[in-house]
Amino acid sequence: MKTKRKIAISEIVLLAVLVIYSISILYLIFWGLLTSLKTQDDFLIEQNIFGFPAEFAWDNYQAVFKRLYIQVTRDGVRFKITLIWQIIYTLLYAGVGCLLAALAPFLVAYACSRFHYKFNEVLETLVFVVMIVPVVGSTTSMLSLLHQLNLYDTFLGVYCEKFYFTSIYFLIYRGILKGLSKSFSEAATIDGANEFQIMVRINFPLVINVFATIALMYFITFWNDYQTPLLYMPTHPTLAYGIFNLTQMTTGDLNITPRKMAGCMILVVPITILFAIFKDKLMTNLSVGGVKE
C-alpha cells in the first residue's frame, strides 16, 4: 500500500517564490512585446504604458531592420554594418565560441582523468585558484596581447580568448570522466586503437549530452554578450552590440521607446524560443550513459 508523502511548508513557500519569479520574468517579456507594437503617441502621449496597443505598429520592426546599423572603419574604409550582418556575426561569435568554450575544459579534464601525472594536481589547483581569486584589470593586458599577436578585431582572437579550461565545467567533466568504466578503453586498446581514437570514438560519445548542455549554456551567454565584441572586435558588431548601441541613441528615427523595445525583442525572442525548446536538457541532471564501475 502506497503512502502519500506530506508536502512540507518550506516546499510550498519555495514553489510559490519560484512561480512568482517566473511570472515576473514572463510578464517583462510580454510587456516588452506589447510595447514594441505601440506607436510613440500611444505610448507617450496617451500614457498607454501597460495596456494593449491601440493599433499594432508593425512598422517598428521594419524600421529597426532597415535603420539599425553601426558605422565602422576597417582598413581606412568607413561602411555600415546592417542588422543582417550583425546577426551573422552573432552566429559566428556565439556558435563557434560556445563549442570552443565547452571543448577546452573537456580536453584538459580528459587528460587529467586518463593520465596520472603529478602535473595534474597543478592544473586542478590552478582551476580552483582562478575560480576563487577575482581577476581584476586583465582587459588591458588582453587587448595588448591581441594587438601584439595581430589578433585584435578578429574572430580568431576572440575564439582564442574563449578557449580556456579554468571554469567549473572542468570539475564537472573531471568528475564524470573519472566515473566512467575503463572496460571500453581497454577493449579499444586491445583492438589497436590509439589514444586519440579512444578519446573521440569511445569516451567523448559517453559525455556528448553533457557537452551539448554546456555548449548550449555558453551559446545563450554569448548571444547576449555585447562587451566582448565591443572591446575585442569593434568592426564586427554582433546583435547584442547593435542593441546596446540602439539603447544609447538620443537622436534619429529609432530614438523612441517602442522602436528601441522592438530591437530588444529581436534579441530576446530567439533565445527565449531556444530556451523553451531545450529547457529539459538545461534543467536535467548532468549524466552520461555506458557502464560505470
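Helix α4 (residues 83-114) packs against helix α7 (residues 155-162) at an angle of about 30 degrees, and their axes sit 9 Å apart. This is a predicted model, so take what follows as a reading of computed coordinates. Helix α4 also packs with helix α10 (residues 195-203), this time at about 115 degrees with the axes 12 Å apart.

**α4 against α7**

- With the angle at about 30 degrees, and anything under 35 degrees counting as roughly parallel, α4 and α7 are therefore roughly parallel to each other.
- The crossing in which α4 passes α7 is right-handed.
- On the α4 side, the contact takes in Tyr89, Leu92, Tyr93, Val96, Gly97, Leu100 and Ala101.
- Facing them from α7 are Phe155, Val158, Tyr159 and Lys162.
- Sorted by class, the residues of this α4–α7 contact come out as nine nonpolar, one polar and one charged.

**α4 against α10**

- At about 115 degrees, with 65 to 115 degrees counting as roughly perpendicular, α4 and α10 are therefore roughly perpendicular to each other.
- This pair, α4 and α10, also has a right-handed crossing.
- From α4, the contact uses Phe106, Leu107, Tyr110 and Arg114.
- From α10, Glu195, Ile198, Met199 and Asn203 take part.
- The class breakdown for α4 with α10 is five nonpolar, one polar and two charged residues.

**Cysteines**

- How many disulfides does the structure hold? It holds zero.
- Cys98 is in no disulfide, and the nearest cysteine sulfur, that of Cys160, is 16 Å away; a disulfide would need the two sulfur atoms within 2.5 Å.
- Cys98 is buried, at a relative accessible area of 6%.
- Cys264 counts as partly exposed, because its relative accessibility is 21% and buried means under 20%.

**The loop between α6 and α7**

- Asn150 lies in the loop between α6 (138-148) and α7, and Asp153 lies in the loop between α6 and α7 too.
- Asn150 has a positive phi of about 60 degrees, though it is not a glycine.
- Asp153 is not a glycine either, yet has a positive phi of about 65 degrees.
- Buried or exposed: which is Asn150? Asn150 is exposed, with a relative accessible area of 66%.
- Asp153, on the other hand, is buried, with a relative accessible area of 16%.

**Two residues and their distances**

- Thr125 has its place in helix α5 (residues 119-132).
- Thr125 is partly exposed, with 46% relative accessible area.
- Thr125 and Thr166 are 41 residues apart in sequence, and their C-alpha atoms are 9.9 Å apart in space.
- Ala212 belongs to helix α11 (residues 208-223).
- Ala212 is partly exposed as well, with a relative accessible area of 32%.
- Ala212 and Glu186 are 26 residues apart along the chain, and 26 Å separates their C-alpha atoms.

Conventions
Residues are numbered from 1 along each chain as its sequence is written. This is a predicted model: local features need pLDDT of at least 70, side-chain atom pairs count only at pLDDT 80 or more; totals for chains, interfaces and linings use all residues. Side-chain values use heavy atoms; hydrogens and water are left out. Axes are lines fitted to C-alpha atoms, for helices over the stretch in contact, and angles run from 0 to 180 degrees between N-to-C directions. Helices (H or I, at least four residues) and strands (E, at least two) are DSSP runs, numbered from the N terminus. Angles under 35 degrees count as roughly parallel, over 145 as roughly antiparallel, 65 to 115 as roughly perpendicular and the rest as oblique. A crossing is left-handed if the near helix is turned anticlockwise from the far one by less than a right angle, and right-handed if clockwise. Contact means heavy atoms within 4.5 Å. Ala, Val, Leu, Ile, Met, Phe, Trp, Tyr, Cys and Pro count as nonpolar, Asp, Glu, Lys and Arg as charged, and the others, Gly among them, as polar. Buried means under 20% relative accessible area, exposed over 50%, partly exposed in between (1.4 Å probe, protein chains only).
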